[in-house]
Amino acid sequence: MEKWQEEFWDMIEIVADEVERFFVGMTEMIDSLFEITEEISEQVQNTIATELDQYLQELTDPILEIYSELEDIVVDDIDLGFPYPVEPCQEKNPACIGCRHYHGQVYSGNLLVCGMHPYGWEDENCPDWEQEEL
């Protein structure tokens, strides 16, 4: 082999070595960049999660306080707007006990006793009283 051929192959080997070192260096830099990026993203994620948690806590605390105060209010004192039944007794509507016309539903806080006497009969002997059918 002639000298120029040997020098050419030496130059090719040097270039190959330099290219290999270049790619090894680039690989190390990219690995370092990924490590730094992962650390930064973890820090950002932790920071955002912490701040978001604090924000949501500040937002929900007053609502939870109001809700807990509302739980203290007795539901019986609130008219929910739905009709509910009321049975006649000796204190209220004694003339209606056992009457087939007794309706006994409360609508928006108003008791509808029956169709003939919406507010009930005052004494114990209602003229329209009829025995309930069983």
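I30 is partly exposed, with a relative accessible area of 40%, where partly exposed lies between buried (under 20%) and exposed (over 50%), judged with a 1.4 Å probe and protein chains only. This is a predicted model, in which local features need pLDDT of at least 70 and side-chain atom pairs count only at pLDDT 80 or more, while totals for chains, interfaces and linings use all residues. Residues are numbered from 1 along each chain as its sequence is written, and side-chain values use heavy atoms, with hydrogens and water left out.

**Helix α1**
- I30 has its place in helix α1, helices being DSSP runs (H or I) of at least four residues and strands DSSP runs (E) of at least two, numbered from the N terminus.
- Between the C-alpha atoms of I30 and E65, which are 35 residues apart along the chain, the separation is 52 Å.
- E20 also lies in helix α1, which covers residues 3–72, and E20 is exposed, with a relative accessible area of 52%.

**Surface charge**
- A patch of negative charge on the surface gathers E6, E7, D10, E13, D17 and E20; such patches take residues with over 30% relative accessible area and no salt bridge, and join like charges within 9 Å.
- A salt bridge here would require a side-chain nitrogen of Lys or Arg within 4 Å of a carboxyl oxygen of Asp or Glu.

**Sheet**
- An open sheet of three strands runs in the order β1-β2-β3 with antiparallel pairing, pairing being counted if DSSP finds at least two bridges between two strands.
- The edge strands, β1 (84–85) and β3 (110–112), each pair on one side only.
- β1 pairs with β2 (residues 105–107) in the antiparallel sense over two bridges, and P85 stands opposite Q105 in β2.

Technical notes. Patches are made of residues with over 30% relative accessible area and no salt bridge: like charges are joined within 9 Å, nonpolar side chains (Val, Leu, Ile, Met, Phe, Trp, Tyr) within 5 Å. Accessible areas come from the Shrake-Rupley method with a 1.4 Å probe; for residues, only the protein chains shown count as cover. Lys and Arg count as positive and Asp and Glu as negative; His and the chain ends are not counted. The place of a charge is taken as NZ of Lys, CZ of Arg, CG of Asp or CD of Glu.
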